[in-house]
Amino acid sequence: MIPENPSFHAHHSPMGALASFTCGAHGAKGGMGLELSGPYQGDISVGYQDAAGTLNLLPLFADNDSSESERYVEGSLQAARPQRVLKDVTREYLWATDRISAPGVTFEIVTPFFAIPDPKYATPTELAFASCPVVQVSVTFKNDGTEGIRGIFALGIDHRWSSLGERTNGTLTGAMSREEIGFATQNEEASCWMDFDPLSALNRKHSTAEFLLGPTAGLEIYVPPGEERTLEITLGFFKAGTATYNRAMSYYYTQHFTNLSQVLEYGIACREEYLELARERDEELASSKLNDEQKFLIAHATRSYYGSTQWLWDGSQSVWVVNEGEYLMMNTFDLTVDMLFFEMRFNPWTVRNELEQFVNRYSFYDEVFDPADPETLYPGGISFTHDMGVMNHWSPATRSSYEVGGLDRACFSHMTCEQLTNWVLCAGAYLSKTHDEEFLRRYRHILVECLTSLQNRDHHDPAQRDGIMSLESSRTQGGGEITTYDSLDHSLGQSRRNIYLGGKMWASYVALEKLFELSELDELSKEAREAASLAAKTLTEGYDPNLGYIPAVLEEGNTSAIIPAIEALVYPYFMGLSEVTSEQGPYGDYIKTLKKHLKHVIDTGICLYEDGGWKLSSSADNSWMSKINLCQFVAREILGFDFGKGQFEADRAHARWEREGSKLSACSDQFRSGVAHGSLYYPRIVTNILWLREQ
């Protein structure tokens, strides 16, 4: 894929290391960083010095007319700095390969990803290969001139560098900083330098190549006239010892590597195997029938997902964590349920791992109340926290970092009912694909408790239940629950009587019916089916013919229109229960009503932006890419919509939101009129992996 605008940041990350080499936006800071909430604020210098002494660089840095050396030596560089930014930059953006080119230089960054073997059964060799925290880079210099040039790759940081050559007895050429980040090559023609900046290094008057006072380290290679040379470089990350707090864990890769030098040596030794896996991923996406904008969005989202992942070791077993982008909240459950489809495609064991963590440490029991009588409490049941902690700090058992009491349907209130549906839906998807009988036996009682808890949040009196949420969790301390759409208005932010959450309750009941059937719990299976029928009936009857759609909240005269009314259809469909999403199936009236709903809000433009992008709510200018991608799949694959020309217009708009509206923040989720304003540097957008199922 050749993006129309090559200037945007992207993650380039190993799997499970919470590390990123972020770069790509022109005239912007970037670089290698660990555990960051945004791009590292350094300079990336890739290019060549020509025979006239001019440094020609790709525009992957923030231009600065001064040098740090000038703090030490007055006028240390020429007044007219011999440096220019290369023009005519192009970019090829594949699933695992990002290739940035300009005349004379091609910069290729390869981030292979593949199925991480289940740590319970894999061999140490397999696990070392999967966990090694490296990114593969190459820079090719083509010299069409009649005189030699010097090709360079360099990184400027806010601390200092050490020589890899000395640490490895000359087997590696490169540099490392604080034993955390580094780069290396085994190219015998390459040399390493350290200095204040590339110009200072290439024009140095001293004879010490590795000047340790400088914050910039680089590799250089001589390219004779009329010839071509390639620098093959491995970037490595490493964090030793304790990585998390309150529950001390280390990165899983420390089970196989003891320091950064070992990581780099291993990464170089296995370079060709990693590159071959990357080529397989590139070909897989390139050969799909998706349009180029869809391919771009999948590639962009995948990079951001892995940039947020942590594969940890608690002393006895693996622990999988996905951090919430810029917020760095750990295993946010309403992201887990959306990233489920990606993880089930590549790493199903991570879904099991996350579900087990929620049961064993982040589950709780509450009571519920009617908002009209908040002092009277009724039995609630089991549910799960919004997240497990933030910024490597595990929250105490039964608590999240995000949720607090005393708020009424506002940011930071509790998401108790939604997280309950999320555990059920993740478990249903996991079991439908893996047929993990041991997991089903071990957590059958949790599924039973989930059914009771769902019903209690509908109404404490069975005779008054209608299948969707009406009662609030006691954890809100008299307030009101919210959904994952925490920063939206009542159209999607409020949980009570919300048709988005009502759909997820319906899907949860459908999933439970199937899981109880597998467990030969026939009475409970029947009970879940009846609850699903109630929910479908309530949502269907909510359709307002005068509006042409189902209002977002079935109370207080709400008239907002929302696209995510259709979202929950994805879960039974993913479980293989296609009959329940069919117009001829047991919930046919509900499916037909959802089709009428979506057709109206799209055809009338109520839920569209002027550029053709999807607007999740008619009453809020806050659209989330992850949910748009998910709902597009539901609309096309499950409900059978053909948007014609409008499909490409929407895809192009959404891709432009990422490339231009989120230019400096890599892949982001929340957009207002095409401009990212929250949920930056975000993993959740991998919902678009579902598009590959449409073929």
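Visitor: Where is the place of H435?
Guide: In this predicted model, H435 sits in the loop between helix 9 and helix 10.

Visitor: Buried or exposed, this H435?
Guide: H435 is exposed, with a relative accessible area of 60%.

Visitor: And what is the phi of H435?
Guide: Phi of H435 is near 55°, a positive value in a residue other than glycine. Most residues other than glycine have a negative phi.

Visitor: Which loop does D88 lie in?
Guide: D88 belongs to the loop between strand 5 (83-85) and strand 6 (90-93). Its phi is near 55°, again a positive value in a residue other than glycine. D88 counts as exposed, at 63% relative accessibility.

Visitor: Back to helix 9 for a moment. Is E418 buried or exposed?
Guide: E418, which lies in helix 9 (residues 416-434), counts as buried at 0% relative accessibility.

Visitor: What does E418 touch?
Guide: Not counting residues up to four places away in sequence, E418 touches T483, T484, Y500, L501 and K504. As for R361, 57 residues from E418 along the chain, the two C-alpha atoms are separated by 18 Å.

Visitor: Let's switch to helix 13. How many residues does helix 13 have, and how far does it reach?
Guide: Helix 13 (residues 522-541) has 20 residues and reaches 29 Å from its first C-alpha to its last. That is close to the 28 Å expected at 1.5 Å a residue.

Visitor: Which residues of helix 13 are buried?
Guide: They are S525, A528, A531, A532, A535, A536, T538 and L539. These residues cover an arc of only 160° around the axis, which puts them on the same side of helix 13.

Visitor: Why would residues three or four places apart point the same way?
Guide: An α-helix has 3.6 residues a turn, so residues at that spacing point the same way.

Visitor: What covers the buried residues of helix 13?
Guide: The cover includes helix 10 (437-458), helix 12 (499-518) and helix 15 (588-603).

Visitor: And which exposed residues are on the face turned away from the buried side of helix 13?
Guide: That face carries D522, E523 and E541.

Visitor: Where does S519 lie?
Guide: S519 is in the loop between helix 12 and helix 13. S519 is buried, with a relative accessible area of 11%.

Visitor: What is S519 in contact with?
Guide: Leaving aside its neighbours within four places in sequence, S519 is in contact with L440 and R444. S519 and R444 are 75 residues apart in sequence, yet 7.8 Å apart in space, C-alpha to C-alpha.

Visitor: New topic, salt bridges. How many does the structure hold?
Guide: There are 35 salt bridges in the structure. One of them joins the side chains of E356 and R442, at 2.7 Å from N to O. The pair links distant parts of the chain, with E356 in helix 8 (residues 348-360) and R442 in helix 10, 86 residues apart.

Visitor: How accessible are E356 and R442?
Guide: E356 is buried, with a relative accessible area of 16%, while R442 counts as partly exposed at 33%.

Visitor: What about E649 and K645, how do their side chains meet?
Guide: They meet in a salt bridge, 3.9 Å from N to O. E649 and K645 are four residues apart in helix 17 (residues 645-661), so about one helical turn separates them. K645 is exposed, with a relative accessible area of 66%, and E649 counts as partly exposed at 28%. Salt bridges that share partners also join E4, E293, R656 and R659 into one network.

Visitor: And R99 with E92, what is the N to O distance there?
Guide: The N to O distance in the R99 and E92 salt bridge is 2.5 Å. R99 counts as partly exposed at 23% relative accessibility, and E92 is partly exposed too, at 26%.

Visitor: Last one. At what angle do helix 7 and helix 8 pack?
Guide: Helix 7 (residues 333-346) and helix 8 pack at about 150°, with their axes 7 Å apart. The two helices are therefore roughly antiparallel to each other.

Visitor: Which residues meet there?
Guide: From helix 7, F333, T336, L340, E343, M344 and F346 meet P348, T350, V351, E354, L355 and F358 in helix 8.

Methods. Residues are numbered from 1 along each chain as its sequence is written. This is a predicted model: local features need pLDDT of at least 70, side-chain atom pairs count only at pLDDT 80 or more; totals for chains, interfaces and linings use all residues. Side-chain values use heavy atoms; hydrogens and water are left out. The expected span of a helix is 1.5 Å times one less than its number of residues. Buried means under 20% relative accessible area, exposed over 50%, partly exposed in between (1.4 Å probe, protein chains only). The arc is that of the directions from the helix axis to the C-beta atoms. Contact means heavy atoms within 4.5 Å. A salt bridge is a side-chain nitrogen of Lys or Arg within 4 Å of a carboxyl oxygen of Asp or Glu. Axes are lines fitted to C-alpha atoms, for helices over the stretch in contact, and angles run from 0 to 180 degrees between N-to-C directions. Angles under 35 degrees count as roughly parallel, over 145 as roughly antiparallel, 65 to 115 as roughly perpendicular and the rest as oblique.
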